[in-house]
Structures are given as structure tokens and as C-alpha cells.
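Open the model in your viewer and keep the selection panel handy. We will go from stop to stop, with a note at each one on what to pick and what is there.

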Amino acid sequence: MSSGATEKSEKLTGIKFIFRALRHRNYRLFFSGQGLSLIGTWMTILATAWLVYRLTNSVFLLGIVSFSGRIPSLLFAPFAGVLADRWNRKKLLVITQILSMLQSFALAALALTGIINIWHIIFLNIFQGIVNAFDMPTRQAFVVDMVENKEDLLNAIALNSSMFNGARLIGPSIAGVLIAAFGEGMCFLIDGISYIAVVIALMAMNIKPKEKVQKKNLFVEMKEGFRYVVDFIPVRAIILLLALVSLLGMPYSVLMPAVAKEILHGGPHTLGFLMASTGVGALCGAMYLASRKTVLGLGRLIVICTCMFGAGLIALSFSHFLWLSMILLLFTGFGMMVQMAAGNTILQTITEDSKRARVMSFHGMAFMGMVPLGSLMAGVVAGRIGVQNTFILCGLCVIAGAMIFAANLPNIRKTVRPLYVEMNIMQD
């Protein structure tokens, strides 16, 4: 890190400091284009969940649909990570965005013509899941290509999370109104159109070409990435905690349509309010991270916020009032987002550049790959013991995972400290 860049960051105050990663032109383009697209994505997420529940009235099939859309990440992410370390990440992202756009238009056509059924949704979710398996590690690693100064990396990742959760706030709110007025198909159509903004933003970027490295056998490079994740204690601990939270905590969102309809006796507007509350909490968490000056202390923050997430799920299970559920989801969203974004930041900071996409592919497997298994399990368990008891069980498991991570925190700090010293993040 150059001293000039450091001095420039120190002069920034207030709002400019919170949004300091936007000094980078490429990141500004990405932020604006992706921000519009994510609103459409969250509209589709809510519309798909409501459409499935309206067609089937089954929490089990809600789990099946979520499973079908996310399981490809578990299967294809390791290959995607190797390719993202080899290929031009910008061109790869353009391809994934165009394919995602076509998927949304297909959903819109089927829904607006009234011929859509559960099998159409499952098939198109599988297709989108395959695209996401390649998109996620590429997009995560691409942040470093857009933001060249390491000092702005924490801020860029936090702003990514704020963008994601700002869209979570806006998208479901719009979707609830559109579903009631025009049906789910309109949400899919707007989502498809929104991808155009991302493609335009990507095409307008000027990214410095990476140094060419000698390419090895695909499976050899995949094995190298796996060994790096397994042998490097901080990376292993963060990814394992994320996997546990994704498996046993994140699937709560799949059951939210049942909460809105069966427990709170509401409709799509109620579901939109619940999802928006989670988004507000997550957005607050993202802005908190963006305001932080350093990555120091993120390990302890991960423990605190993981416990907050688990406790929020347990408390939510006892709520029968919309206003109370919305308040609890604020804390749940805050804890969930900070835990994930803080772990992402540490990974991006300490990982070798040559293995970044491969590490982020395993991060994607832990996040996107475990959620479908958890969603499937949550649908089965909720069908047997009820949604409320499922929330309690999930919350307890998440808190247990936080305690295990806390026990390993001294070893993590011991390993990370020399790296932070080398990067001038802290003084030895």
C-alpha cells in the first residue's frame, strides 16, 4: 500500500469515508449497474417463493425449489473457481449476466401467459443455479480487480453488502405491490430488463490485464485450491462457520411465506414487509462495516453477530405479531449480514491473488451450496415439527457454531497477525 494512498484515505471524512471505494471508476460502474440488477433479483426471489406457495401450498416444495436453484453451486463451484483464476473475469461476468437475463425472460413468458407450473420453475432454477456457480466466485474475486488499493477492500466488500441488502429492502417491497396488481410474471420481466444495466457497466470498465501464469491441469489446480483452504487455518475456520450457518440458519428465509400466511395470517404484502425488515437490518450492518477503518477485530465481530443471528431466529419463533416479527428480523438481518461480510473481507484480505477465485469458489460452495441442502432439510423438518420449532432448532445450531469458532479465534489471530503486519495493516 502506498503512503500517498493512505494519506488520501485519512483525509476522507463522514459520508465520503463511508463510500470511499467509489473513488475507483470501475467500482462506481459496477456499483451502479449491479445495484439496479439486484433490485430485480430480489423481486424474482420473492415472486418465485410466493408463486410456488400459491401453486402448491407446500413448504416442502418451497424447499425443493430453493434446493434446485442452489445445489449447482455445490457441484460446479470448484471448476468455476479454477476457470475464474485462468480466464478474463470481466468477459466471464458478461456471459453470466446475459444468461441470467435470458432465464428471467423465460420465467416472465411462462408466468405472463399463465402456463407456468412447478416443473418449469424447478428447471429454470437449476439453470440459474449453474450460472450462479460460475458468477459468484468470479464476481467476488473481481472486486480486487476493480479496487486496486487494499486499504479500500473492506469498504468495497461492505458496500457490496449494502447494495445487496438495499436491494433486499427495495425489491421485495416493489414485488409485493406488483404481485398483488399484475401477478408474479411482471416481477420476472423487470428482473430480466435490469440485467442490461450490469452488462453495460461491465463493458464500460477498463480493467488492467492480469499477468499470464502457466496453466496446469484443471484438476491439479482444483486440488491446489482445496489444499490451500484446508491447510490455512483462518480460511478453513471462516468457510466452515459459513457452511454451518448456511446449512442450518439461512434456510429460514425459505419458510417465510409460511410464516406470512399461516402464522401472521397475511399475504404477499406481509411477506414483502418481513423480507424488507431483514434487508433493513442487513443494510444497517453493511453500513456499519463500511464505516470501519480497519479489518482488525473482525474475528470477534463474527462471533457476536453469528450469535445475534441465531438468537434472532429463536425469538422469531415466538412472535405472532407482524410488528414484533419485523423488529426481530432487523437484528436477524444485521447479524447474518455482518457475519458473512466480515468473513468475506478477511478471506479477500489474506488470500493469495493467484488462488483468490478458487478460495471464493469454496466460499460460494459454503454459502450457496449448503443453503439448498438446508432448505430441503428445513422443508422436511418444518413439515414434521412445525415452522416455529424449526426456527428454534436452527437458531441453537447457529449459536453452537459461533461458540466453536470463538474457541478457535486465538489460533486464527496467531496466523493472521504476521500477514496484517506485512500488509501494514498493523504494526508488529
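Start with the charged side chains: there are four salt bridges here, a salt bridge being a side-chain nitrogen of Lys or Arg within 4 Å of a carboxyl oxygen of Asp or Glu. Before you click, note that this is a predicted model, in which local features need pLDDT of at least 70, side-chain atom pairs count only at pLDDT 80 or more, and totals for chains, interfaces and linings use all residues. Residues are numbered from 1 along each chain as its sequence is written, and side-chain values use heavy atoms, with hydrogens and water left out.

**Stop 1: Arg54 and Glu184**

Select Arg54 and Glu184, whose side chains form a salt bridge with N and O 3.0 Å apart. Arg54 belongs to helix α3 (residues 25-56) and Glu184 to helix α8 (residues 184-203), so this pair ties together parts that are 130 residues apart in sequence. Helices (H or I, at least four residues) and strands (E, at least two) are DSSP runs, numbered from the N terminus. Is Glu184 buried or exposed? Glu184 is buried at 7% relative accessibility, while Arg54 is partly exposed at 49%. For these words, buried means under 20% relative accessible area, exposed over 50%, and partly exposed in between (1.4 Å probe, protein chains only).

**Stop 2: along α8**

The 20 residues of α8 should span 28 Å at 1.5 Å a residue, and the 31 Å between its end C-alpha atoms agrees with that; the expected span is 1.5 Å times one less than the number of residues. Colour the buried positions of α8, among them Gly185, Cys187, Phe188, Asp191, Tyr195 and Leu202. Cys187 has a relative accessibility of 0%.

**Stop 3: from Tyr195 to α5**

Now pick Ser100, which sits in helix α5. Which residues does Ser100 touch, not counting those up to four places away in sequence? They are Gln128, Val131 and Tyr195, where contact means heavy atoms within 4.5 Å. Ser100 is buried, at 4% relative accessible area.

Next, select Gln103, also found in helix α5 (residues 89-112). With neighbours within four places in sequence set aside, Gln103 is in contact with Leu124, Asn125, Phe127 and Gln128. Gln103 is buried, with 4% relative accessibility.

**Stop 4: Arg139 and Asp135**

Move to helix α6 (residues 118-146), where Arg139 and Asp135 are four residues apart, a separation of about one helical turn. Their side chains meet in a salt bridge, 2.5 Å from N to O. Asp135 is buried at 4% relative accessible area, whereas Arg139 is partly exposed at 24%.

**Stop 5: Glu224 and Arg358**

Select Glu224 and Arg358 for another salt bridge, with the closest N and O atoms 3.5 Å apart. Glu224 lies in helix α9 (residues 218-231) and Arg358 in helix α15 (residues 356-385), so the pair links parts that are 134 residues apart in sequence.

**Stop 6: a loop residue**

Where is His265? Look in the loop between α11 (256-263) and α12 (268-291). The phi of His265 is near 55 degrees, a positive value in a residue other than glycine. His265 is exposed, at 67% relative accessibility.

**Stop 7: the cysteines**

Cys394 is buried, with a relative accessible area of 11%.

**Last stop: the whole protein**

Zoom out and show the cartoon. The protein has 16 helices and zero strands. Its radius of gyration is 21 Å, close to the 22 Å that the globule rule gives for 428 residues, so the protein is as compact as a globular protein of that length. That radius is taken over C-alpha atoms, and the rule is 2.2 Å times the number of residues to the power 0.38. Along the principal axes, the C-alpha trace spans about 55 × 45 × 45 Å.

Finally, colour by burial: buried residues are 57% of the 428. Among contacts with a separation of 6 or more, 87% are between residues 24 or more positions apart.
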